[in-house]
Amino acid sequence: MKRVLSQIYVWILLILLYSPLVFIAIFSFTEARVLGNWTGFSMKLYKNLFTGGMQGASSLVSAVENTLLIALIAAAVATLMGSIAAIGIFNMRGRGKKTIQFLNNIPMLNPDIITGVSLFLLFVFLHISQGYLTVILAHVTFCTPYVVLSVMPKLTQMNPNIYEAALDLGATPSQALRKVLIPQLRPGMISGFILAFTMSLDDFAVTFFTRGTIGLDTLSTFIYTDARKGGLTPELRPLMTIIFTIVLVLLIVINVRQASLAKKSSR
Amino acid sequence: MAIPNDVIINIEHVSKSFGDKKVLDDINLYIKKGEFLTLLGPSGCGKTTMLRIIAGFAQADCGIVSMDGADITGVPPYKRPLNTVFQRYALFPHLDVYDNIAFGLKLRGVPKDEIEKKVKKVLKMVSMSDYEDRDVESLSGGQQQRVAIARALVNQPKVLLLDEPLAALDLKMRKDMQIELKEMHRKLGITFIYVTHDQEEALTLSDTIVVMNGGKIQQIGTPTDIYNEPQNSFVADFIGESNILNGTMIKDREVSFIGHDFECVDEGFGENVPVDVVVRPEDIYIMNKTEGAQFTGVVKSCTFKGVHYEMFVDSDNGYELMIQDYNAFEIGSTVGLLIKPCDIQVMHKERVENRFEGEMTADDTVKFLGGEFKVEPVEGVSAGDKVEVSVAFSGVDLLDHTEEGNLSGEVHFILYKGDHYHLTVLTDDGDFVWVDTQDIWDKGDLVGINIESKDIKITKKND
């Protein structure tokens, strides 16, 4: 009986969590402009999305392009910076190390809106004209701590003598980094990159405050503006369904990777 | 110190601290070409730090390390012609056995066919042929250690450094590997510097043993020297089993301990000088009859140890001695005991009492070791004077609760002296206090330290 109740509880939770997504996904296969009206199965919205047969198609396409480009650049830079930072923090000793680790966690707990507003004020203060550059800088800022966090466990698992063993065998510090350290950290760096990529993809608040007035739109700001103009463009429904599917696949890939790595190291 | 010309590594005045803790204190040591030298000591004695300084992973705060006459103190590890076998192997998990071993050769740009030849040869030497393609994580501990040794040796280093390489292996495997290492050393003829805390391993393998404790070299010598002629009570206690006893050198070739006078072979200590005496348990002759014996005793316990029996015997003057003999003696029986002159090792005492620098804070109060103690007033010594404080080992009282003492500390080292324990206590401020006590303490016990006023002797310092 207890088992049945707990099963029911889990299912209710899952339904609450996923029903909005499922709802959008179902209604992406119908033509009705108003969400909730089912006018029969149709792939027209998908077709419109890819052929541009809709109002404001070009701005939607450019928003998608911007989103992907920003996410790729931000995730790449964050992975590089975060990995180097993790190595540095790992080699610190005593109180300094604890302090830095604590400071690394703050940006992740800090509400996005505060990160966004404070970056906005900083850019204004420094007279940096806002646009692509400021959005990427902002995304790098909030993505880097996630990379640090996913690389760190790889460093603690690593035999501390490995780097020294490489030096001992004649590798210069940079050769030791490339040939020994990075291959060891790679799984953590890849997880960090994917995490940073999805964080950037997902962001609204920070982008909204740092994109300036040049009309730069990412997907999230585009949807926001679109919704305020009077109802969502129906083509957004298939778009969201596609994005959700991509994120789902990525998450499954990460989890499967981690599970197989854990299995390998426990052997 | 005259340095022979076949020296490969010379270490002069090397010191190293981590924070306030001095791990190496003015180390001077030279290592001869082709020698198997072992740095031996308990954990925290500085032996691994010494090895890391030789390898170049750690920098000495001061002092010089030279190799083949050239100063290498500031040379980075990748430019030093030596290789290391690490304690936990430190193989590269993303590479297979072949690529692990070839790592150093590839970096030096050795041609491919030559690398293959060398790797095959070295794998044969460590009896790991046919393992080239194996994933290193699929190997057993012993196999990983062989690969680690092969990875170091394939570069043909002038010196091989080994940091407790066998510590992670089980006893049987360790014994086998010891023989193999000794054999490799003989065949290759290169210098081995070996770090271990296992005294038996050190005695088995080494040409020269360097016993270290508290960041200092305690003794350098061959295994036989170290075992038969320990220079202080630490070495005697650390290497093998021993009876360490307080004694008095009466005159040359005559020493008194456990309440009897013995003939010995030591000279030059002076007359009536307090000394430490070491007698190995296998060097006390034990017999059923008491005629012809130097002294007698009663057998307290007798344990079979495989080859021999280990017995604890109370001597006629109340000292407990450990004795090893091939024959068992009945518990409770009276036995005759005999020690030959050449089996008595006499050592200078490192100290005969505690001495501290102090300052009078009142006419009857002295401050030393960061605590204040009542003393009986001494004429001519008043508040503000700098004084020398001396306290007999037996004048220091240890208490169960740290807050009950004037000072608190931790039991750092214990030596059994036949009828009492001689304890080294490390105070919270990092000073040493030596204590003689009948009570049983364990290493690491936290204790309160008290000294009664009658046990504190003060003398004014003349400045």
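**Exercise 1.** What pLDDT does chain B average, and what share of the residues score at least 70?

Solution. pLDDT is the predictor's confidence in each residue, from 0 to 100. Chain B averages 90, and 99% of the residues score at least 70. This is a predicted model, in which local features need pLDDT of at least 70 and side-chain atom pairs count only at pLDDT 80 or more, while totals for chains, interfaces and linings use all residues. Residues are numbered from 1 along each chain as its sequence is written, and chains are lettered from A and ligands numbered from 1 in the order in which they are written.

**Exercise 2.** Work out how helix 2 of chain B and helix 3 of chain B are oriented to each other.

Solution. Step one: locate helix 2 at residues 97–107 and helix 3 at residues 112–125 of chain B (helices are DSSP runs of H or I, at least four residues, numbered from the N terminus). Step two: their axes come within 10 Å and cross at roughly 130° (axes are lines fitted to C-alpha atoms, for helices over the stretch in contact, and angles run from 0 to 180 degrees between N-to-C directions). Step three: the two helices are therefore oblique to each other (under 35 degrees is roughly parallel, over 145 roughly antiparallel, 65 to 115 roughly perpendicular, the rest oblique).

**Exercise 3.** Which residues of helix 2 of chain B meet helix 3 of chain B?

Solution. From helix 2, Tyr98(B), Ile101(B), Ala102(B), Leu105(B) and Lys106(B) meet Ile115(B), Lys118(B), Val119(B) and Val122(B) of helix 3 (contact: C-beta atoms, placed from the backbone, within 7 Å).

Key:
Contact = placed C-beta atoms within 7 Å.
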